[in-house]
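Q: I would like to learn how to read a few features of a protein model. Could we go through them one at a time?

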Amino acid sequence: MAKPYEWSQTESEVIARFPLEASITKEKLKIKIDPTAMMVQVAGVTVFREELASKVSVDDSFWSIEGSGADRCLVVSLTKKKDKVQWRGLTKEEEENSAGDVLAPEFDVMALEHDDDDPERVEEQEENERKLEARYKKLVEEKGLDDESTLQTFFALFDNCIQLYRLNKLYDYLTVVEPVCRKRNDKYKLKAVQAKAFVLWKQSKFREALPLFHEMEDILGKGAALCENIAHTYNSLGDYDKAEDYFRQALRFIEQEHGLNQGNRGGVLLGLGLVRDRLGKHREALPVIKQAYEFYKERANGAPASLQAKAGISCAKLHAKLGELPEAEKYIRESVHMYEVTCGETSPLTASAYHELGKCLWAQRKRDDAQKALARAYELEAMKDAWDLVTLLEIHNTLMDTHLKETANIDRSRFADCFRTSDFIAERVRRSLPQDGNAAVYYKAAGELRAWGGQYQEAKDYFNEAIPLFENEKGTDCSGLIQACKEMLGFCDRNLAGTQNSPMNFEIPKEKVEEVAPTEEEYTGPQIEEVEDDDEPMEVGG
């Protein structure tokens, strides 16, 4: 079927032409241009309503009526969001129909490169990841890793995947790509150093990332973005004086290069606020963090944005520290939604936001909502590439609190909702961590979860796994933990033998509600910080 339009393009614009009869005036036209879609109505009839092949700048796009007679037409001029990127069609459907071209030699990888100024959409990023990865592997096979087109494709893939937190995959790629780029000693050397620094930073390997950032400083000299990255790294390492110094340098560069409210001023303000927060100056930190939030909100122009969500979480944490929990909850709920839209429902950022939401809701004693948020956080944190046992134990213990603390009724069957996640975490602990006190802490917690849920044999298996690991700990007195495990083994044995019949649902007399507290020792276990290991933050003992 013939299309009701013709289209063409330049490096910066896409022109769509719709034929018009002489009787059609501008009053009979309705044109709506969005960043990713366009609608055209002529005399009440919709002649075009489609997603566009790529993003456009709405403010710079316009339409007009041109020509006369048979040549009279509506001309819509769409300004490309990405200059010099060639569209393969006017609509997204036309673009997708030519998706096989991604493997063609002339394919423009810049069309798929992530744009930090665009509102993020995880579905689009995942599709771009698939296309770029296919092209990269083909080029490695045909032209080798050192070829210009191969490296260009890899770094487009990197920019896309870093938004999706494919950290382990990117690190594995960089172990091969970085040495090749260092030998070239051109722009790709810098790109590789920067890429590895970012991956390590996002994996919380700040000490490994810091020398790479300083290497970039030696190559490039100081600038706003680099000073900000170094400042965030020092901040994460607890060196607040150096962090504040680099943040202030970054602000000066931004003001010199862009003006007072431009560049990445939001990121620098966020960093400065976090420094004040970590120094305990919560009330002073809040207005600085809110400036960052408003900066990102204005830049997003009403669209969901992960940076606005990040600043929102920081605002929420400060409100919570100041006892302003309803205000904190408002910011967190907004951030959860934004992260789900922009980063994906299983993103590590979404996981952290659900954790914050669960803590905030429980602090307000909104029990049911807190349990849902914490259960989701528990599940998502367990899936992370850069998973952290301390965080998982914190979520586990808070989730148990919501079931056992300050309640007149305990329904033990509800603990089963977390069995699958707990078993998954335990298996990761077995595969990935040294089998020592660190592992034992989690096995004990998993055993207590199973015992509360009435799964006594499974609980015994966990306790029996934990006890010898505690017994092998030499640097810490684990006798209390061992005794707690043995007492829980006795509890499980009695229920399995039928000499004790512990009800799965029971009421707690009002005057005894507060007496539930002693049983907390049975499920919370030790705080992981009780057993220290300076070399490996993840580990409890050695």
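A: Gladly! Two strands pair if DSSP finds at least two bridges between them; strands (E, at least two residues) and helices (H or I, at least four) are DSSP runs, numbered from the N terminus. Here, strand 2 (residues 13-19) and strand 7 (residues 73-80) run antiparallel and are joined by seven bridges. Within this pairing, Ile15 stands opposite Ser77 in strand 7. A word on the source: this is a predicted model, in which local features need pLDDT of at least 70 and side-chain atom pairs count only at pLDDT 80 or more, while totals for chains, interfaces and linings use all residues. Residues are numbered from 1 along each chain as its sequence is written, and side-chain values use heavy atoms, with hydrogens and water left out.

Q: In what order do the strands of the open sheet lie?

A: The four strands follow the order 1-2-7-6, with antiparallel pairing. Strand 1 (6-9) and strand 6 (56-66) stand at the edges with a single partner strand each, so one side of each has no neighbour in the sheet.

Q: How do I read an aromatic pair?

A: Rings of Phe, Tyr and Trp (its six-membered ring) pair if their centres lie within 6.5 Å; planes under 30 degrees apart count as stacked, over 60 as edge-to-face and the rest as tilted. This structure holds 16 such pairs. In one of them, the ring centres of Tyr136 and Tyr173 are 5.4 Å apart and the planes stand at 85°, so the pair is edge-to-face. Tyr136 lies in helix 2 (residues 122-143) and Tyr173 in helix 4 (residues 167-184), so the pair ties together parts that are 37 residues apart in sequence. Both residues also belong to one aromatic cluster with Phe154, Phe155, Phe158 and Tyr188.

Q: Are Tyr136 and Tyr173 buried or exposed?

A: Buried means under 20% relative accessible area, exposed over 50%, and partly exposed in between (1.4 Å probe, protein chains only). Tyr136 and Tyr173 are both buried.

Q: Which residues have a charge over a ring?

A: A charge sits over a ring if NZ of Lys or CZ of Arg is within 6 Å of the ring centre and within 35 degrees of the ring normal. Among the cases here, the charged end of Lys205 sits over the ring of Tyr171, 5.3 Å from its centre. Arg365 lies over the face of Trp362, at 4.0 Å from the ring centre.
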